[in-house]
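Subject: Structure handover and notes

Hello,

The sequence and structure you asked for are below.

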Amino acid sequence: MAPTPATASDATSRLDDLYDVASAEPIVEDDAFLERVVADAELPVLLAALAAALGDTSILRADLRPPLTPIDTQPHPHGGMSAAQQEAARALALSALATVRDKGITEVGLLPDETVRAILAFLSAGQESWIPMLKHELDLAADKGGRPSWSFAEVAAGRDFPVLIVGAGVAGIAAAHRYAQAGVPITVIDANSAVGGTWAKNTYPGVRLDTPTFGYSYSFAQRGDWPHQFAQGGEILDYLRDVAERAGIADRIEFSTRLTRLRWDETDARWEATTRGPDGAEQVRRFAAVVSALGQLDRPHIPDFAGQELFTGVTMHSQEWDHSVDLTGRRVAVIGTGASAYQIVPAIVDDVAALTVFQRSAPWMLPAPNYHHQVSDGFRWLQRKVPHYAQWYRLWVILTGIPGRAHTVTAEPGWTGAPLSISRKNQELREHLVARLERQFGSEPELLAHVIPSYPPGAKRMLRDNEVWAAALLADKSTLVTAGIERFTERGIVDASGVEHEVDVVVFATGFKPSDYLEGVEVVGRHGTEIHDFWDGDTRAHNGVTVPGFPNLFLVYGPNVGGVVAGSLHFMLERAVEYSLDAVHEVLRRGAAAIDVRREALDRFVAWVDEGNRRMAWGQPYVHTWYQNRHGRVSQIWPYTNVEYFDSTAAVTESDHEFL
Ligand code: NAP
C-alpha cells in the first residue's frame, strides 16, 4: 500500500485536543450542593479551573499557593496546603463557583499568556523553569507546542518523502498523529492484529495501570471522563483505539505486518524495509525515514529453567495469557513478584485450588488505598460542570509528578546504610514501608522475614499497594517459595531446598527483555554497520531517539527515556516524536536527504544520563534490575525530570548533526 499523504485532520478544531469539549453543562445546583462539591475537590485544581473560566486570576492568592510538599509515598492532598490555606481556598472557590453558575459560564477558550503564566506559577509554587514544559500539557495555552507548526505542503511540496512508522501502540499512535498533522506521507505497520501495543497484549487477570490514570494520556487527547483512578487494562485499550479513530489513523494501519529488516541505501538515501505480512509473504519497500515505536516491554523473558520441557501442565507468560485455560480449582504457580505478578496473584487467588508464588526478590510496595477506586461522584460533577476541570486535574497530576518521588531515591554521598538504603530519606522510606509490611504480615513472622526487600526502596520499580497482595499471600491456599527454582519436573517445580511443588499451571511473570531494542529486526546503516553490532548489548541513542550511522531513523521511547519515580510517559514519548519531526523538518527545509547525529553528541548525552543514573537507587553497583543491560549500565531509565527532557529536545542542534 502506498503511503497516504495525510492532511492535518484536526486543523480546524478549537484546541489541540482530540477530546476537546467546547461547552460544559450549565450549573443549576444550589449553594449547599456546591459546598459539598468544593469539599470533595482538589483545591489547587479547582482554583485554577475557576480562574481560567472567570478570566480572573485574583483568586489565586499568593498566600494560598500550594507548597508542593515533596511526595514520599502518596501525593499530599491539595499539594500540601495547610488547613488554614484549605479553609480560605474553599471559601474563595465556593464563591467563584457560584459566580460561574450565576453568570452561566460554560466555556473557556485559549487563555491570554499572562493568565497562563499566573495559573502555572500558582500551581507550580513559582517554578518558572517548569512553565514551558507545562504549557506543552496545557491545551488552553496558545503556544502549547506539540502540534507541528509547519506543513509538508509548504516546506516540501512535490517531494517524495515517505515515512514508515513501526508500531501502533502508545508511541506509534502519537507518532502517526503528529506526522499526519504535518502532512508527511506515512505508512504505519504493526505486527499485532489491532492497535494498543502492550495494552492489547497484556490481558492477564487484574491488569490495570499502576500510575494515576489522569497522567497517562496524550497532551493531544485529554480524555476527562475516566472511570477509575488507576484505569483497568481494557479502559486504556479502549482509549487508544478511540484516539486512533479520532486522529483518523485507525483504518490506515497495516496490521499483522512485521518489520524484519532495514537497510540504508547510501546511493539514494532511502531505507529499504522488508516486512512480512499476514500471509507470510515478504515485501520490500523504500522509505525516506523510519520511526520505530516498537516499545521496551514487549519481548517476553522466560528463564531457561532445567527440565521445563518435561512439565506436562499448562505454561504461559503473563503477556501471553491463555484465556481458554480455566484456573478454577487448579493448582497454579506464579514465577516472579514484579508488577505483572503483583496484579495477577490477587486477581486469581480466589479461584484457584492452591497458589504457589516463586519469589526471587521481594518487591517494595507503596501505599495506594485508592488503587481500585472509581473516580468520585464529586469529581464527575466537576468534570461535567466546570469548564476544563478534568484537563486541569490532568495537568496537576503531571505537574506534581515532575519532581515525583525522586528525592526519596537519590543517593547521599557518604551514606553508610548500603546496601539497604542510599540516603537518610531513603532509609526513612524504608522504615515506613517495613512498618507497613510488619503490620500486614505480623501474624506470620516467617513470611514477614521473606517479604522485606534486601535492597534500597526505588532500586526496582515500586508497586501500588491496597493490601490485596498481603491478603493473597496470607491465604491458607498460598505458599511463598523463596528457595529459588532448581528444575521443572513432569508434575511441577522443585525448589533449591529439594521440595517439589506439584502444580497444574505455571505462569511466567518473569518480565521482558527491555534492553534488546529492535530485537528481531536487522538494521544495516551507513557503511554496512548493523545496529546491534554498533550497540554491542549497550543500547544508546541521543535523546533516546537517534543513533549515529543510522540516518533518518528515529526511536520513540528508545533507550534511557523511561521514568520510574517521576514524570509522564506520554510526555516523554510525545516529545521524542516531536523531536524526530523537527529533525525531518530540518531535512526538508534544507533540501537535504537525511540527518545523522554525530557520535560526540551521543557520547555526551550518554555520559550525562549515566551521571544522573549513578546518583539514583537503581544505579548503585550492588543493585540488579531490568533497568540495566548486560554490561550493567542503566540503559532504560531517565534519571532527570520531564523539564530536562523538554529542554534537551527543544532543538535539533546543527553542530550535533551531519546533513547528507
Ligand atoms: P519484572 O518487573 O521484570 O518482574 C519479573 C519478575 O520475575 C521479578 O520478580 C524477577 O525477580 C522474576 N524473575 C525473573 N527471572 C527469574 C528467574 N530466573 N528466577 C526467578 N524469578 C525470576 O516484569 P513484570 O512484572 O512483567 O513488569 C515489567 C515492567 O512492566 C514493570 O516494571 C512495569 O514497567 C511494566 N508493567 C506495568 C504495569 C502497569 O502499569 N500496570 C503492569 C505490569 C508491568 P527479580 O526481581 O529478582 O529480578
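In what order do the five strands of the open sheet that contains β1 stand, and is their pairing parallel or antiparallel? The order is β3-β2-β1-β7-β19, and the pairing is parallel. Before the rest, the ground rules. This is a predicted model, in which local features need pLDDT of at least 70 and side-chain atom pairs count only at pLDDT 80 or more, while totals for chains, interfaces and linings use all residues. Residues are numbered from 1 along each chain as its sequence is written, and side-chain values use heavy atoms, with hydrogens and water left out. Helices (H or I, at least four residues) and strands (E, at least two) are DSSP runs numbered from the N terminus; two strands pair if DSSP finds at least two bridges between them.

Sheet with β1

β3 (253-254) and β19 (553-555) are the edges of this sheet; each has a single partner strand, so one side of each has no neighbour in the sheet. Strand β1 (residues 163-166) runs parallel to strand β7 (residues 289-292), joined by four bridges. Within that pair, L164 is opposite V290 of β7. Helix α7 (residues 170-182) lies across β1, β2 (186-189), β7 and β19, at about 155° to β1. Such angles run from 0 to 180 degrees between N-to-C directions, with axes fitted as lines to C-alpha atoms, for helices over the stretch in contact; contact means heavy atoms within 4.5 Å.

Sheet with β9

Another open sheet of five strands has the order β8-β17-β9-β10-β13, with parallel pairing. Its edge strands, β8 (314-317) and β13 (478-481), each pair on one side only. From one strand to the next the twist averages 15°. Strands β9 (residues 331-335) and β17 (residues 505-508) pair in the parallel sense over four bridges, and V334 has V507 in β17 as its bridge partner. Helix α10 (residues 339-348) packs on this sheet, touching β9, β10 (354-358) and β17, and its direction makes about 165° with that of β9.

Ligand

Around the ligand are 23 residues, of which R208, D210, T337, S340 and S361 come nearest (a residue counts as near with a heavy atom within 4 Å). By class, this shell has nine nonpolar, nine polar and five charged residues (Ala, Val, Leu, Ile, Met, Phe, Trp, Tyr, Cys and Pro are nonpolar, Asp, Glu, Lys and Arg charged, the others, Gly among them, polar). A polar side-chain atom of S361 lies 2.4 Å from a ligand oxygen atom. For K460, a side-chain N or O atom is 2.9 Å from an oxygen atom of the ligand.

Backbone

The A418 to P419 peptide bond is cis, with omega near 5°; P419 is in the loop between α12 (389-400) and α13 (424-441). S256, though not a glycine, has a positive phi of about 50°, and this residue lies in the loop between β3 and β4 (258-265).

Regards

Notes:
A polar contact is a pair of N or O atoms within 3.5 Å; within protein, one must be able to donate a hydrogen and the other to accept it, and residues adjacent in sequence count only if both atoms are side-chain atoms.
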